[in-house]
Amino acid sequence: MGSVQTTSSDIPMIELQRLNKWYGEFHVLRDIDLTVRKGERIVICGPSGSGKSTMIRCINHLEEHQAGDVIVNGITMTRDVKRVEQIRRHVGMVFQHFNLFPHLSVLDNCCLSPVWVKKTPRKKAVDTAMMYLERVKIADQAHKYPGQLSGGQQQRVAIARSLCMHPDVMLFDEPTSALDPEMIKEVLDVMIELAEEGMTMLCVTHEMGFARTVADRVIFMDEGQIIEENDPETFFNHPRSPRTRAFLGQILGH
Amino acid sequence: MSVLDFSYMAQLAPYLLTKLPITLGMASAGMLCALVLASLLAVIRVTRPPVLNQLTLLFISFFRGTPLLVQLFLFYYGLPQIFTSLVKVDGITATILGLTLHFSAYMAESIRAAIAGVDRSQTEAALSIGMTQGQLMRRIVLPQATRIAVPTLMNYFIDMIKSTSLAFTLGVTELMGATQKDASSSFMYFEAFLTVAIIYWVVVELLSRLQKMLEHRLNRAYAR
């Protein structure tokens, strides 16, 4: 913990194998194959409705897949409640709309799961929470309620809340999409710092600057399929697929 | 037409107040039991287990569809006729039973709605940090549902306090029963019932204040 590690190892943290999912008739994920090694930083982009969020939500079983395998840290996801809970304890998630618990203070948002799920003594959970709140630069607001904070502050608390469970991997589902422009940077800075510390990360985002800076791989999805994946340099400068080129043309605004 | 006999009212009021604990006791016991039963019914309505869900619907339908007074008579006079061991059921117990069943039918629906009113994103966040269904209910959903449900539940409690007056028909000398007895010997019906009306009114008014304080407390986290 804490040591700066920027090279990824060969241990697979997440494996998605021929993952398929339908919403009724709608085939939302088509034969997704993806392996994420420990310490890897992946950015996933693509048009809305392309299945990006659905894919990462399958990793912690907020969405159920119908065919294929999801393997997290060597454990294969099943419908077994105990197993699902066990996997979720190792997978942190940050949501577009923060999803903080409005009835609990910032500190209690962070301590809740360590205390009740991991049975950490309250004192130790508070120390850990304060450490992470310090790291996302919001420790001075620990006793406020989420409703009293700005969007950017709330998202940083949400990141700290996830980190308090000491996850092996962090999923980010459009973490800056609901933020006012001036608050995006404070959240991205925290995410960059996290990446530099060696956290395995999967980020669904359209922040291409972030992708260039931290991603080991950028993945482009469309219509439930992975269309293209490459290192950021190649991805942005020499996209292979016409669909990727069209998408990049749209979001990079030229 | 004579003016009101205030001295009679001033004499009657302290006596009636000694019966207030019976009224409030029945209402509080009824409310506590109804809360437990209604929460159970609400959870059944949310999770819809096959047979229990139908039974719950039938229960709610019956206790919302018939007058409380009829239900009280059914329990007090009717049940002992069928179950002879129930002969000793006193009016107070029958009233608490009636209030519990009657009001839980109403309260189940408002608790169900309050649980449904907690955003799905809260559940997802709780699950994502590894909480079990039980922990998520207890720590996330119910505390937030309580805040939504309190105003309606307090209304039911107020209604319940006033409904305890029906207990006098089962021979319970609570507020209303005591008033009825005193009035029929003094013949000062208007004064007697006006006095008891004022007592009910003041009690409910105090409770409304309490409700405001409670709501304020529950809203503390949401103040900006």
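How much of the accessible surface of chain A belongs to carbon and sulfur atoms? Of about 10900 Å², 50% does (Shrake-Rupley method, 1.4 Å probe; for residues, only the protein chains shown count as cover).

This is a predicted model, where local features need pLDDT of at least 70, side-chain atom pairs count only at pLDDT 80 or more, and totals for chains, interfaces and linings use all residues. Residues are numbered from 1 along each chain as written, chains are lettered from A and ligands numbered from 1 in written order, and side-chain values use heavy atoms, without hydrogens and water.

Check the scores. The model has ipTM 0.90 and pTM 0.83. Colour chain B by pLDDT (the predictor's confidence in each residue, from 0 to 100). Chain B averages 92, and 98% of its residues score at least 70.

Select chain A. Along the principal axes, the C-alpha box is roughly 55 × 45 × 35 Å.

Zoom to helix α1 of chain A, residues 52–59. Seven of its eight residues are buried (under 20% relative accessible area, 1.4 Å probe, protein chains only). Among them are K52(A), R57(A) and C58(A).

Step just past α1(A). H61(A) takes a positive phi of about 65°.

Notes. Buried < 20%, exposed > 50% of the residue type's maximum accessible area, 1.4 Å probe, protein only. Helix = DSSP H or I, 4+ residues; strand = E, 2+ residues; numbered from the N terminus.
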